[in-house]
Amino acid sequence: MEDERRLIGRAQSGDTAAFRELVERHQARAYTLALRILRSAPDAEEVSQDAFVRAWTALPGFRGEASFATWVYRIVARRAFDRAQILKNRRAREQAEDSFHDLAAPEAGDDDSLRAALLQRLVAGLSPAQRATVTMFYYEGRSVEQVAAILSMPENTVKTHLLRARAALRTAWTHTLGDEA
């Protein structure tokens, strides 16, 4: 933590090597968050890179009220939600088929892998806000308070997204697997 504060201070003074190290520490999670929201690897990569460019530009004004990770993930989430809206509008105008890449199919016969792949597909079908909250809460183990801070949402809104996502996943899971679930 202290090491990160020193890196932030150096980066705020214009040290690009310090900022590069901050990016390396947080880029995988930033990309994963963007990917969960957008369901498109190229768009997620573009959004996460854009978020770090914006972070570099805004870094002199970073006051450290939240952790650097929370601050960056908030930027990533905002950029991803904006990008998701642009993509939604574009699809509506063009009425093109959904072109998001599918997850690779697991080996036949591996029941746990099949169930994990199904869960991934069901999570991908959630709204961008629900995917983001599910990703951060369940996959990254963040608290409701942390998710709310990152997404700039009230805690009750995060709880509502989680509640609705769980209900949607439960319904879709049961519908897909029937009595097998």
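Which residues do ring pairs link into a cluster? They are Phe-62, Phe-68 and Trp-71. Keep in mind that this is a predicted model. The chain has eight helices and zero strands, so a walk from the N terminus reads α-α-α-α-α-α-α-α.

**The chain as a whole**
- Of the chain's 181 residues, 37% count as buried.
- Take the contacts between residues at least 6 apart in sequence: 61% of them join residues at least 24 apart.

**The nonpolar core**
- In soluble globular proteins, nonpolar side chains tend to be buried together.
- Here, the largest nonpolar core has 49 residues.
- Phe-19, Leu-33, Phe-68, Trp-71, Val-72 and Leu-151 have the most contacts inside this core.
- Two or more core residues come from each of these elements: helix H1 (2-12), helix H2 (16-38), helix H3 (41-58), helix H4 (68-94), H5, helix H6 (128-139), helix H7 (144-151) and helix H8 (155-177).
- H4 gives the most to this core, with eleven residues.
- Leaving aside residues up to four places away in sequence, Trp-71 touches Ala-55, Ala-58, Leu-59 and Phe-62.

**Aromatic pairs**
- A pair of aromatic rings is described by the distance of the centres and the angle of the planes.
- The count comes to five aromatic pairs.
- One of them joins Phe-19 and Trp-56, with 5.0 Å centre to centre and 55° between the planes, and it is tilted.
- This pair links distant parts of the chain: Phe-19 sits in helix H2 and Trp-56 in helix H3, 37 residues apart.
- Phe-19 counts as buried because its relative accessibility is 8%, under the 20% cut-off.
- Trp-56 is at 31% relative accessibility, so Trp-56 counts as partly exposed.
- Phe-137 and Tyr-138 make an edge-to-face pair, because their planes are at 85°, over the 60 degrees needed; their ring centres are 4.8 Å apart.
- Phe-137 counts as partly exposed, at 26% relative accessibility.

**A nonpolar patch on the surface**
- Leu-119, Tyr-138 and Tyr-139 form a nonpolar patch on the surface, with about 280 Å² of accessible area together.
- Leu-119 belongs to helix H5 (residues 111-124).
- With 33% relative accessibility, Leu-119 counts as partly exposed.
- Tyr-138, which also pairs with Phe-137, is partly exposed, with a relative accessible area of 43%.

Notes:
Residues numbered from 1 in each chain as written. Predicted model: local features only at pLDDT ≥ 70, side-chain atom pairs only at ≥ 80, totals over all residues. Heavy atoms only, no water. Helix = DSSP H or I, 4+ residues; strand = E, 2+ residues; numbered from the N terminus. Buried < 20%, exposed > 50% of the residue type's maximum accessible area, 1.4 Å probe, protein only. Contact = heavy atoms within 4.5 Å. Patch = residues over 30% accessible without salt bridge, like charges linked within 9 Å, V, L, I, M, F, W, Y side chains within 5 Å. Areas by Shrake-Rupley, 256 points an atom, 1.4 Å probe, with all protein chains shown as cover. Salt bridge = Lys/Arg side-chain N within 4 Å of Asp/Glu carboxyl O. Core = buried A, V, L, I, M, F, W, Y, C linked by side-chain atoms within 4.5 Å. Phe/Tyr/Trp six-rings, centres within 6.5 Å; stacked < 30°, edge-to-face > 60°.
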